Amino acid sequence: MKILFVENKYKTIFYKELSNELETSDYESYFLIQNKVFSTGKKEYFVDSTFLPEMETPELNALFLKCLAKVSKSDRNLNYFGGNSKHYKAYFYNIYKAIDEINPDVVFGESTLFHELIVIFICGNKGIRYLHPCACRIPSQRFSFYIGDSLIPYLGGGEAPTDEFCTDIVDSFGYRKKTLDYMLTPSFIEGIYKKGRLIKNWLVGIYSRLIGEKFNTPSLLKKASLQRNLQKHIKIWESFAQPHVSGSKKKVLYPLHMQPECNVDVWSVEYRDQVKTILDISKILPENWELIVKPNPKSKYEMNLDLINACSTLRNVTLLNHAVKMKEITDVIDLFITASGTVAYECYLTNKPCLSLALPFFEENSKERHLSSLNWDEIFSKYLQQSEVSVSVPKSLISYLLLSSYSGVISDPISTPSCIHKENLQIVAKSFESVLNHIKKEKEKGNG
């Protein structure tokens, strides 16, 4: 079988080490490289902004225009770093040619950067399986293969949870006695090592820019400007924010997603404009309800003046300050609303009313916790269903998360150096082999 890995900066080092494990099982690995700094020295296809006019046809151009419309909505370079989409056409044709020549049976990559999103679009058109191996939020130390640019998991390890396991998950994450993997604060020594790795990442970013990679790597001046603005915006937010929740009105809490982030910019792209979401909720709330907006503890570029102006001027909206922890206010919130935040899982585990706009589990298995739109009649009806009857069965969610995931750490050596340790690579490789064998059988059945 032919496997194609799509370069995503330091994640490519993880994929390279993983490919070494897989090639012992007779899989042929290729790499699609956008940033030459992360060349693997293996079988590679480099793609760049050199346009290939000889490939252009009316049919391919029509396909490109559809790709442009879709990818531009999620491209962080466009949405946050002042970039444009002029390079898309060249990359589209280069990537299309590379995939034609490799003809992979399956593609593995993230769904974060513009070239990955183009690959996903082309694979969808060609009927090639694209899978995004990504760490699960719950349980810890596990990952799923998400299909394309969705949060829909492909297959899974098939492990069924015991009652004891369910109790531990509810206690640990439902009642927030444990911190989610991606929210963990490193120890002092680990923090020093991590800072060193981040400096290395920063230097590599400079080198990437020097050799011409400007579509996924913002300039230092742009990032410095954004960081200065972020600090200003946080101070302004804090000047309006409250240290606690009070008042007699019923309360809806909307926790802000950090941006840029795949979670809201790709998986729930319809709701990536969080200012609009907040305005929409504010408009439909009755007089006896108010909207509480909680900032992400790791606020990024979602913390902008448009957001602050909207939240600070709406009469039925209260801002919380960054020091307020979710577990401190959970008991005084009547209803949570999120696009695709982990809070939806946490609330389900403890039967707390919460409505998700874009999480597949709720859309498929718990419709009373899924919102099809921001409509008050639907919101209030589903709120009553959750408030009046105990509808949450924690084991059903835990089973879904466990059955659809695999043991192991998917990451990059900057964020998590242990991801490329031999022991972890061997565990992860077994899961990849299981998925690859299933895809192989699917293809054989289709050809038969």
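Modeller: By class, the lining of the second largest pocket has 13 nonpolar, 5 polar and 6 charged residues. Here Ala, Val, Leu, Ile, Met, Phe, Trp, Tyr, Cys and Pro go down as nonpolar, Asp, Glu, Lys and Arg as charged, and the others, Gly among them, as polar. Bear in mind that this is a predicted model: local features need pLDDT of at least 70, side-chain atom pairs count only at pLDDT 80 or more, while totals for chains, interfaces and linings use all residues. Numbering runs from 1 along each chain as its sequence is written, and side-chain values use heavy atoms, with hydrogens and water left out.

The second largest pocket holds about 390 Å³ of space. Of its 24 lining residues, Asp149, Val266, Trp267, Ser268 and Val269 are the closest to the centre. Two or more lining residues come from each of α2 (58–71), α5 (114–126) and α14 (360–365). On the terms: with a 1 Å grid over the protein atoms alone, a pocket is an open set of points with protein on both sides within 12 Å along at least five of seven lines, a cavity is a set where a 1.4 Å probe fits but cannot get out, and lining residues have an atom within 4 Å of a point. Points are joined across faces, edges and corners, and the volume is the space filled by probe spheres set on them. Helices (H or I, at least four residues) and strands (E, at least two) are DSSP runs, numbered from the N terminus.

As for cavities, the structure has 1 of 30 Å³ or more. The largest cavity comes to about 120 Å³. Tyr146, Leu151, Tyr345, Tyr400 and Leu401 lie nearest its centre, out of 13 lining residues, and β6 (142–147) and α16 (394–403) each give two or more to that lining. Its classes are 10 nonpolar, 2 polar and 1 charged.

β6 also sits in an open sheet of 7 strands, ordered β3-β2-β1-β4-β5-β6-β12 with mixed pairing; strands pair if DSSP finds at least two bridges between them. β3 (44–46) and β12 (406–407) are at the edges with a single partner strand each, so one side of each has no neighbour in the sheet. Further in, β4 (residues 106–108) runs parallel to β5 (residues 129–135) over 3 bridges, and valine 107 stands opposite tyrosine 130 in β5.
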